[in-house]
Amino acid sequence: MARAVSNREKTVTTIVAWTLGILMFFPILWIAILSLKTEVDAIRGPIEVLTSGWTTESYGAVQARSDYFKHFTNSVVIALGSTLLGLLIAVPAAWAMAFVPAKRTKNVLMWMLSTKMLPPVGVLIPIYLIFRDTGLLDTRTGLVIVLMLINLPIIIWMLYTYFREIPGEILEAARMDGASLRKEVLYVLTPMAVPGIASTVLLNVILAWNEAFWTLNLTASKAAPLTAFIASYSSPEGLFYAKLSAASVMAIAPILIIGWFSQKQLVRGLTFGAVK
Amino acid sequence: MGRITLEQVTKSFGEVDVIRPLDLSIEDGEFVVFVGPSGCGKSTLLRLIAGLEDVSSGRIEIDGQDATELPPAKRGLAMVFQSYALYPHMSVRKNIAFPLRMAKMDKAEQDRKVEQAAAVLNLGDYLDRRPGQLSGGQRQRVAIGRAIVREPAAFLFDEPLSNLDAALRVGMRLEISELHKRLTTTMVYVTHDQVEAMTMADKIVVLRAGNIEQVGSPLDLYRRPLNEFVAGFIGSPKMNLLKGAEAAKDNAATIGIRPEHIGISSDGGEWAGKVGVSEHLGSDTFFHVHCDGMAEPITVRSGGEVDFHRGDQVYLTPDPAQLHRFDDKGLRIE
């Protein structure tokens, strides 16, 4: 039986939800507003910011000063590259752990997750040195590898959860029907896991797109993605709020749009297995 | 051809022996049913034959060839699962054609075989639907269709009817029996339902705790159970098993008498007792009679028109020709 919810309760929850939503979204909204002001207006008090005139001059300035398209391309290559490379490794790993689990499979999964608990800065120096010695500094390849490694535990965990939901009997049926392991994964497991794989890809593209620690520390100019593009507008002196805001909007717009159109898929991915 | 032989096959999961050393031969064209209570190892035995589990020791031969180490795909067997295990992302047509596609059969030939199987199983109208849009019975037919098209050496059924409702189960039981008559291919069928076993099998294999208790035709098992377990498992309602003084009179540790081999009357007979619960099925009535000096009530089967009520004094007379005697190890005494 559904629980009875009074109208008053509904109103209260609606107000609370909207307040929280607006609070969380407010910084992004404020950035968007600042990006449409002159530098002088952008540093004034909130009332003046809202009442002053609107302009797109910051966007023009950002466009003129730096190559948005280069950074954008780097971001796309790094985000997609690290996710796809991660999938290539994670699909077989998750398959093995979900369908032929061993005694210590749970421990392996926990160990993978534990790597996410280490502060990244703890391994910055060794990774930096390795990158320097192997010539991977400021290369897309280097960033693809490092971001893939950073996100691999999450990719494996998500796929593992999805695969666990697929009944083993269906894979056994495929085996009885003469499918080799490769065909079993290709024709039966993967198509059945498409929704799961899609939300995994989506989430990891977003994580990789927004990743700032490694992208800022391991790049200079050639492989710098949009995070570096934003950071380049922050400076210790002069007025830069409006241009910084404009750069931020340009950097997050693509991923915001993708996220908006795929929110159903994303929510399903993050709550999969919780409800049937 | 589909002759399957098991020699000294065992299976253990860690410390647990699920299948004890076991020999069994299944002849070409036979309908063999593995039956037993849950946990007796019947599904494991089927999965060993299928190759979905590896034997711990022993040898499996299919058509005279050693198949012990062969992967499932190479054994030439087809399996129908309890959950149907259809591919949810494929249409019925693609589901049925899947094994043919894996065998790289040419497209026209695939289509012909699928149409043929669909006609046999009345699936013609559903070929373009997804499994999710079918009823339980239809899904079961698709699973059978997917097995048929391969023309396997033998069919393996793992409790295929247990997800269906009672009426549909009876219907599918007949369909599978008819399919067997028509294809004359070996079928190995696992169930915990002794009615399915009795009605479908040429040969029943009764399993308990990883051991074969008895192998024989349904009527063999009914008429000459080799031990108390088989006596109690085969037949519905269950055989009455009596110990103590009554058994001692017949020089046995236990005697068994089926409910249908006991006469009931109000005038006089061998055992006096009072009627407890009675179950009226229309055609039959089962009386549970509490006899003087016996621990367990005795079940008696009589015609639907016989009318006794709770608490009535009745007398039971077992048919001496139908009495089964067992020794203190539970084995049959001839």
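The model is predicted. Chain A holds 15 helices and zero strands, whereas chain B has nine helices and 19 strands.

**Overall build**

- The C-alpha atoms of chain A fill a box of roughly 70 × 65 × 30 Å along the principal axes.
- Chain A has 276 residues, and 33% of them are buried.
- In chain A, 76% of the contacts with a separation of 6 or more are between residues 24 or more positions apart.
- The C-alpha trace of chain B spans about 75 × 45 × 35 Å along its principal axes.
- Chain B has 334 residues, of which 40% are buried.
- For chain B, 63% of the contacts between residues at least 6 apart in sequence join residues at least 24 apart.

**Annotated spans in chain A**

- An unreviewed UniProt entry places "transmembrane region" at residues 12-33, 76-96, 108-131, 143-163, 184-209 and 240-261 of chain A.
- One of these spans, residues 143-163 of chain A, is 100% helix and 0% strand in the model. Its end C-alpha atoms lie 28 Å apart.
- UniProt, again from an unreviewed entry, places "domain: ABC transmembrane type-1" at residues 72-262 of chain A.
- Residues 72-262 of chain A are 75% helix and 0% strand. The end C-alpha atoms of this stretch are 20 Å apart.

**Helix pair α8(A) and α11(A)**

- Helix α8 (residues 140-164) of chain A packs against helix α11 (residues 194-210) of chain A. The angle is about 155 degrees, and the axes are 10 Å apart.
- Angles over 145 degrees count as roughly antiparallel, so α8(A) and α11(A) are roughly antiparallel to each other.
- The crossing of α8(A) and α11(A) is right-handed.
- From α8(A), the contact uses Leu147(A), Asn151(A), Ile154(A), Ile155(A), Met158(A), Leu159(A) and Tyr162(A). From α11(A), it uses Gly196(A), Ile197(A), Thr200(A), Asn204(A), Leu207(A) and Ala208(A).
- By class, the contact between α8(A) and α11(A) has nine nonpolar, four polar and no charged residues.

**Where chain A meets chain B**

- The contact takes 14 residues from chain A and 17 residues from chain B.
- On the side of chain A, α9 (168-176) and α10 (181-192) are the elements that give two or more residues.
- Helix α9(A) supplies the largest share of that side, six residues.
- The side of chain A that touches chain B has eight nonpolar, one polar and five charged residues.

**Backbone features in the loops of chain B**

- Ser236(B) and Pro237(B) are joined by a cis peptide bond, with omega about -5 degrees. Pro237(B) lies in the loop between α8 (228-233) and β11 (240-243) of chain B.
- Lys104(B) is not a glycine, yet has a positive phi of about 55 degrees. Its place is the loop between α2 (92-102) and α3 (107-120) of chain B.
- Lys104(B) has 8 within 10 Å, so Lys104(B) is exposed.
- Asn251(B), also a residue other than glycine, has a positive phi near 55 degrees. It sits in the loop between α9 (245-249) and β12 (254-257) of chain B.
- Asn251(B) is exposed because 10 other C-beta atoms lie within 10 Å.

**Pro160(B), a buried loop residue**

- Pro160(B) is in the loop between β7 (154-158) and α5 (166-183) of chain B.
- The cut-off for buried is 20 or more other C-beta atoms within 10 Å. Pro160(B) has 27 C-beta neighbours inside 10 Å, so Pro160(B) counts as buried.
- Leaving aside neighbours within four places in sequence, Pro160(B) is in contact with Val80(B), Gln82(B) and Gln140(B).
- Arg223(B) is 63 residues from Pro160(B) in sequence. In space, the two are 28 Å apart, C-alpha to C-alpha.

Key
Residues are numbered from 1 along each chain as its sequence is written. Chains are lettered from A and ligands numbered from 1 in the order in which they are written. This is a predicted model: local features need pLDDT of at least 70, side-chain atom pairs count only at pLDDT 80 or more; totals for chains, interfaces and linings use all residues. Helices (H or I, at least four residues) and strands (E, at least two) are DSSP runs, numbered from the N terminus. A residue is buried if 20 or more other C-beta atoms lie within 10 Å of its own, exposed if 12 or fewer, and partly exposed in between; C-beta atoms are placed from the backbone. Axes are lines fitted to C-alpha atoms, for helices over the stretch in contact, and angles run from 0 to 180 degrees between N-to-C directions. Angles under 35 degrees count as roughly parallel, over 145 as roughly antiparallel, 65 to 115 as roughly perpendicular and the rest as oblique. A crossing is left-handed if the near helix is turned anticlockwise from the far one by less than a right angle, and right-handed if clockwise. Two residues are in contact if their C-beta atoms, placed from the backbone, lie within 7 Å. Ala, Val, Leu, Ile, Met, Phe, Trp, Tyr, Cys and Pro count as nonpolar, Asp, Glu, Lys and Arg as charged, and the others, Gly among them, as polar. UniProt positions are given in the numbering used here, feature names are shortened, and annotations may be inferred rather than shown by experiment.
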